[in-house]
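Hi,

Here is the structure I said I would pass on. Have a look at it first, and then read on for what turned up.

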Amino acid sequence: MNVVPHLSLVLLLLSLCLGLRATAALPRSTPETQGLSSAGLQALVQRLDERVDEMHSLMIVRNGHVVVEGWWSPYAAEHNHVLYSLSKSFTSTAVGFAIAEGKLGLFDPVLPFFPDDAPPEPGARLRAMRVRDLLTMSSGHQTEPPRSVEEMTAKSFLAHPVPHKPGTHFLYNTPATFMLSALVQQVTGQTVLTYLRPRLFVPLGIEQPVWDPNIEGISLGGYGLRVRTEDIAAFGQLYLQKGVWNGRQLLPAAWVDLATSRQMSNGSNPMSDWDQGYGFQFWRSRHDSYRGDGAFGQYCLVLPDQSMVVAITSGTRNMPAILDLLWEHLLPLAKEATLEPDVRAQTSLREALARLALRRPAGAGTSTLLPRVLDRTYAAPANDSGIESLTITSADAGTSLELALRVKGRVHRYPLGYSDWNYGRGPINAGALAALPDEPVAGAFAWENDDTLVIKISAYETPFALTHRLTFHGDEVTVASEANVAFGPTRQPTWIGRAASAP
């Protein structure tokens, strides 16, 4: 059963979409022109900065115009950001296009698409699982199938027990979204990344999307997508406009309505934004809104009643706090009529947004111990992280530093600034699903006291930052490390290194 069965309409929409060129950025406007108070928006930005563990970006769109945009340095407008489960809403969109083009049916059973991956004797519930059940997180599983890059495949998904009747039991299920990605690839011959490029990414001006694949080359679907903050906002605006972009119907309005409405119950707490119902890879939220969201605070929030879209990236341990602040401080600002211009407040808001920055380590720029610890290599004891040694060097007598970590035979160098961030590349490891082998990073340092050097390394295309506290005593250094967020424990085991000869 297809959402848009009329073939001529499908072909028309597809031809329009394929013929589009990348559009300009979303138009900008003063807040007052769009019925929002600049002073009120500045107060919201200040509260987000104060109360959220680590904000990375914020963009607010009202009536199709960007009225607020800010990035917490070293994050910046031009950089992609890892979306984690916000990727799911993009995968759902690919399914919507495939259904509109007649390549897939909403109620098609899943198993026949994967004859080579099916178990020898599939059970009745597995045979009954439909595309719609994957979309609504009601595949019938009691527990999630394997979801790591190495283990998440169609074969592992189809081999997992299905104790519930599909369509009746809600379980947030990242491998189910992977199966939607695999389905799109089965019926189109393209990964969802390639398939969405002419249909979604190019029309919306999303220039450099990146989507990690599994070991078989299938886009992960449930996570792994990276785009810019404005790309998130444009995606939300497309849905707010019922699939219309620059006057053209890119995505069928019928699909938008289905995908963003309550298709599955997922709880009963009226005060929880995670209990308001679930659509097709979109969460329903309070205040008659809906959203895509990802781990550690990646948000595409659509508020139809206010004609507003909010795009946020962050690295927070408290995702609900962000939505609570938006409900408390943003919703009351929305007025239907244009407000009187407030040039002073607009200037103050722009200046506040330009000053946004992550908190760097606090302390002095140097220490009396510096000459003793520079260029000394401290050997690490055996550890699960594979760290073998640590060295602090400087090319300018300590004005800036470099942290060199030898890990499993390879030396990774992280430039560190005191008055600002210094930039480089290196691996970041924040647990399962967050072992990132080569990331653009920014580093900063300060001497917390004369014997303790604090280092912060931010992987600014991801939610993750690592803080290392190095306490020097004699020929030893005690290293305590903690991530801002992680899949699993944020604190890493403390270790003591002993001075050795340089590598």
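Before the pockets, one term: a pocket is an open set of grid points with protein on both sides within 12 Å along at least five of seven lines. Keep in mind that this is a predicted model.

By that definition, the second largest pocket has a volume of about 400 Å³. It is lined by 20 residues, and Val-149, Leu-433, Ala-434, Ala-435 and Leu-436 are the closest to its centre. Strand β17 gives the most to this lining, five residues. By type, the lining of the second largest pocket splits into 11 nonpolar, six charged and three polar residues.

The largest pocket comes in at about 730 Å³. Its lining has 31 residues, with Ser-385, Val-407, Ile-428, Asn-429 and Gln-492 nearest the centre. Several strands supply at least two residues each to that lining, among them β14 (401-407), β16 (422-429) and β17 (435-449). Here the count is 18 nonpolar, nine polar and four charged.

Now the rings. There are 20 aromatic pairs in the structure. One of them joins Tyr-423 and Tyr-460 edge-to-face, at 5.6 Å centre to centre and with 75 degrees between the planes. Tyr-423 sits in strand β16 and Tyr-460 in the loop between β18 (452-458) and β19, so this pair ties together parts 37 residues apart in sequence. Tyr-423 is partly exposed, at 43% relative accessibility, while Tyr-460 is buried at 10%.

Elsewhere, Phe-90, Phe-201, Phe-235, Tyr-239, Phe-282 and Tyr-290 make up one aromatic cluster. And Arg-291 lies over the face of Trp-274, 4.4 Å from the ring centre.

Cheers

Key
Residues are numbered from 1 along each chain as its sequence is written. This is a predicted model: local features need pLDDT of at least 70, side-chain atom pairs count only at pLDDT 80 or more; totals for chains, interfaces and linings use all residues. Side-chain values use heavy atoms; hydrogens and water are left out. On a 1 Å grid over the protein atoms alone, a cavity is a set of points where a 1.4 Å probe fits but cannot get out, and a pocket is an open set with protein on both sides within 12 Å along at least five of seven lines; lining residues have an atom within 4 Å of a point. Grid points are joined across faces, edges and corners, and a volume is the space filled by probe spheres set on the points. Helices (H or I, at least four residues) and strands (E, at least two) are DSSP runs, numbered from the N terminus. Ala, Val, Leu, Ile, Met, Phe, Trp, Tyr, Cys and Pro count as nonpolar, Asp, Glu, Lys and Arg as charged, and the others, Gly among them, as polar. Rings of Phe, Tyr and Trp (its six-membered ring) pair if their centres lie within 6.5 Å; planes under 30 degrees apart count as stacked, over 60 as edge-to-face and the rest as tilted. Buried means under 20% relative accessible area, exposed over 50%, partly exposed in between (1.4 Å probe, protein chains only). A charge sits over a ring if NZ of Lys or CZ of Arg is within 6 Å of the ring centre and within 35 degrees of the ring normal.
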